[in-house]
Amino acid sequence: MFRPEGRPWTVSDVALLDEAVELLGAVMVIERERQEDTGYAAGVMDVISMAGMDDDDETLLAVHVVDAAELSERQAEADHRSLAERAVADREWTYGHVVVDEAQELSEMEWRVLMRRCPNRSFTVVGDLAQRQAPSGARSWDTILSPYVRDRWQYHRLSINYRTPTEIMAVAADVLAELDPALRPPDSVRANGFVPWSRRVDVNELEDAVRDGIAEAVEGTVVVIAPDGVSIDIGCDVLTPRQSKGLEFDTVVVVEPDRILAGDPRGAADLYVALTRATQRLGVIHTAPLPAMLRRLAARYTAAASATGLPSGSAM
């Protein structure tokens, strides 16, 4: 697949360019730059020589002391960059150990880039296959790691969830089961008594409903997570599921989950990410019918209505 001429580089291009340099070699580029610098220095030497032609033969000129190559090397600037800055600029720089976060998003080509930077293959890899959003990301750790280290790697499953309470994790677990039945959700260590809820509204009521939802958060951080293309003008941050990845908030209001699911082939992963950003309270507001995988929300919201004073008919 080719992009139209003039389109900017993308993050995915980095791995392709690195692979191209690895196959074609960077020596030719370095040698060409050296030849250009030396050629320029030779021109400077010629000017110096012509300026000294009227002098007698005993006059010591620069051309008697250095040649063009030496002059070029002497003009190289001293490198005052930090160690980290020099490492970033040098594609041949290698590391003794590499820590990779969100590792499930990396393609096989991007793993080749990392492996070239760590010849002794010492890695700490952190990732959650359930949250994979990149189409070319990891589908299994064995597929990714075995070509480089064979069976010399260990898998440790993080089975305890300290962030998400059991009430919210039960809802997210249904999404995870739809995403991949083989994936097991982590076990939450706490329950907080706040029942996740859902509310169906008309399109023209959406913003008011979202405001009502975030107003229930009496303290802590609040975020609204909505799919691309949904514009909501309210008094808090509005993020897409991918923008919210890796973050956490006390209260999360997810908007239009059906559009999150339909917006990408990995829409279920996006929805799973959105639901699990909440550390205390979770609400879902929608104008279309609630996706079947979120069926727990309606029952829980209805059950909570009598205790909170909210109308049970608002849960759909």
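This is a predicted model: local features need pLDDT of at least 70, side-chain atom pairs count only at pLDDT 80 or more; totals for chains, interfaces and linings use all residues.
1. Strand β5 is joined to strand β9 (residues 278-286) by 4 bridges, and the two run parallel. To see the pairing for yourself, find Arg 199, which stands opposite Ile 285 in β9.

2. Now widen the view to the sheet they belong to. It is an open sheet of 5 strands, in the order β5-β9-β8-β6-β7, and the pairing is parallel. Which strands stand at the edges? They are β5 (197-200) and β7 (237-239); each has a single partner strand, so one side of each is left without a neighbour in the sheet. From one strand to the next, the twist averages 25°. As a reminder, strands of a sheet pair through backbone hydrogen bonds, either parallel or antiparallel.

3. Next, a look at rings and charges. The charged end of Arg 281 sits over the ring of Phe 194, at 3.7 Å from the ring's centre. How many aromatic pairs does a search of the whole structure find? The search finds 1.

4. On to the pockets. Rolling a probe the size of a water molecule over the atoms shows where empty space is left. The largest pocket holds about 1300 Å³ of space. Its lining is made up of 41 residues, and those nearest the centre are Val 126, Gly 127, Asp 128, His 156 and Leu 158. Sorted by class, this lining has 21 nonpolar, 11 polar and 9 charged residues.

5. Finally, where does the lining of the second largest pocket come from? Both α1 (11-24) and α5 (108-117) supply at least two residues of it. The element that gives the most is α1, with 5 residues.

Definitions and conventions:
Residues are numbered from 1 along each chain as its sequence is written. Side-chain values use heavy atoms; hydrogens and water are left out. Rings of Phe, Tyr and Trp (its six-membered ring) pair if their centres lie within 6.5 Å; planes under 30 degrees apart count as stacked, over 60 as edge-to-face and the rest as tilted. A charge sits over a ring if NZ of Lys or CZ of Arg is within 6 Å of the ring centre and within 35 degrees of the ring normal. On a 1 Å grid over the protein atoms alone, a cavity is a set of points where a 1.4 Å probe fits but cannot get out, and a pocket is an open set with protein on both sides within 12 Å along at least five of seven lines; lining residues have an atom within 4 Å of a point. Grid points are joined across faces, edges and corners, and a volume is the space filled by probe spheres set on the points. Ala, Val, Leu, Ile, Met, Phe, Trp, Tyr, Cys and Pro count as nonpolar, Asp, Glu, Lys and Arg as charged, and the others, Gly among them, as polar. Two strands pair if DSSP finds at least two bridges between them. Axes are lines fitted to C-alpha atoms, for helices over the stretch in contact, and angles run from 0 to 180 degrees between N-to-C directions.
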